[in-house]
Amino acid sequence: MRKLNVFNFVTLNGFFEGPNHDISWHRHGGEENKYSDDSLQAENILLFGRKTYEMMYSFWPTPMAAEMFPETSKGMNKSEKIVFSNSLKKAEWNNSKVIGGNSVEEMKRLKKTKGKDMVILGSGSIVSLFAEAGLIDNFEIMIDPIVIGNGTPIFNGIQNKLDLKLTDTRTFKTGVVLLSYKPLE
Amino acid sequence: MRKVIFAINVTIDGYADHTSVIADDELHGYFTGLLQNTDVEIFGRNTYNLMYPYWHNVAMNQSETEVTNEFARTFDSIPKIVFSTTLKSIEWNNTTLLRSNLQEEIVKLKQQPGKGISIGSISIASQLTQLGLIDEYHFVVHPIVAGKERRLFERLENSSQLELIETQKLSSGVVILQYKKM
């Protein structure tokens with residue numbers, strides 16, 4: 001069965017975005033970008049909720065993105081992408097499609113089909129939904145060395161506690177720490 | 001000048017909830033070491049009410065594992081300051097009750113000679129972070145997503161950038177991330 005993974009940046013107190021989707025606190029250096037680019041090279045399918053999709057789509061296809069992050073933008077634009085949304089009818093971004101309906105059921109079905117692994121970027125609501133349904137195989141959490149007072153917590157709205165198993169840690173020069181987990185069996 | 005240190009158990013999603021953490025010997029050993037490098041612990045009424053009945057009892061009866069008992073003895077004997085406007089009196093040994101002037105007290109303590117000053121309460125840590133008075137943060141990250149409980153640094157007015165100084169992994173999958181104020 002193919003894997004469903006989560007890759008996200010959070011503050012030390014668990015916010016993945018500040019008020020109004022603010023992510024200006026991300027402290028990405030060359031090393032983190034290389035890590036993201038290497039992950040994109042693996043050609044996993046990228047998954048988003050509508051809000052993250054719209055944010056990503058408004059940035060990655062632009063000339064500015066191509067100039068600032070040439071490798072990442074190439075990878076982002078080329079990768080196969082799926083948006084989970086009931087309000088978005090069509091995804092205009094290159095190589096994207098929309099899946100509507102019951103996201104959990106659709107994901108269960110998707111995981112049983114053959115194909116590439118999938119990775120959710122950002123997208124707090126579907127991360128919570130799939131985590132609660134026990135559908136996530138790996139969690140890669142990049143912890144930025146910052147605390148902010150307000151925003152949207154990662155795993156927002158989860159009703160039941162999840163116990164995970166630490167599988168790896170990595171420290172970047174910027175002070176960002178990558179913690180990798182899988183569900184505790 | 002003495003260092004102000006805030007060490008806190010936290011879940012991956014940023015909740016500071018003592019009930020959903022892995023409280024094993026290794027964790028208690030870590031906190032014992034931390035307390036041994038400090039000579040005053042500061043908290044508020046909630047933390048006092050939570051800590052005193054349990055840890056004083058363990059310190060007296062030595063009812064846990066040797067490592068946990070040692071933590072209890074260290075915690076029990078360290079001088080403590082409780083900030084509260086509502087507590088009538090304090091029963092814990094070595095403990096002073098103060099009504100107000102957190103900022104002044106901390107600034108005064110920092111200037112006195114001695115070991116570190118440990119902060120043991122989330123609300124006090126938030127106020128001191130806002131004032132820029134915490135020198136070192138130890139986030140003890142448990143491999144748990146809690147989904148609810150009390151968020152660390154909720155309603156902090158300004159964001160606070162930190163500098164990573166050390167990481168440490170415990171066998172339970174707990175990762176201790178140490179930072180200093182930038």
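A: The second largest pocket has a volume of about 930 Å³. A pocket is here an open set of points on a 1 Å grid over the protein atoms alone, where a 1.4 Å probe fits and protein lies on both sides within 12 Å along at least five of seven lines; lining residues have an atom within 4 Å of a point. The volume is the space filled by probe spheres set on the points, which are joined across faces, edges and corners. Among the 33 lining residues, A:F9, A:H26, A:H28, A:M56 and A:W60 are the closest to the centre of this pocket.

The model is predicted: local features need pLDDT of at least 70 and side-chain atom pairs count only at pLDDT 80 or more, while totals for chains, interfaces and linings use all residues. Residues are numbered from 1 along each chain as its sequence is written, chains are lettered from A and ligands numbered from 1 in the order in which they are written, and side-chain values use heavy atoms, with hydrogens and water left out.

In chain A, at least two lining residues of the second largest pocket come from each of β1 (4-10), β2 (15-17), α1 (30-41), α2 (50-59), α4 (70-78), β6 (118-121) and β7 (138-143). These elements are DSSP runs numbered from the N terminus, helices being H or I with at least four residues and strands E with at least two. By class, this lining holds 15 nonpolar, 15 polar and three charged residues. Ala, Val, Leu, Ile, Met, Phe, Trp, Tyr, Cys and Pro count as nonpolar, Asp, Glu, Lys and Arg as charged, and the others, Gly among them, as polar.

The contact, meaning heavy atoms within 4.5 Å, takes 28 residues from chain A and 31 residues from chain B. Together the chains bury about 2,600 Å², 64% of it on carbon and sulfur atoms; this is the accessible area (1.4 Å probe) lost on being put together, summed over both parts. A:L12, A:N13 and A:V147 supply 21% of the area that chain A buries against chain B, more than any other three residues. On the side of chain A that touches chain B, β7, β8 (146-147), β10 (162-171) and β11 (177-183) each give two or more residues, and the largest share, six residues, comes from β10(A). That side has 18 nonpolar, seven polar and three charged residues.

Terms used
Buried area = accessible area lost by both parts, 1.4 Å probe.
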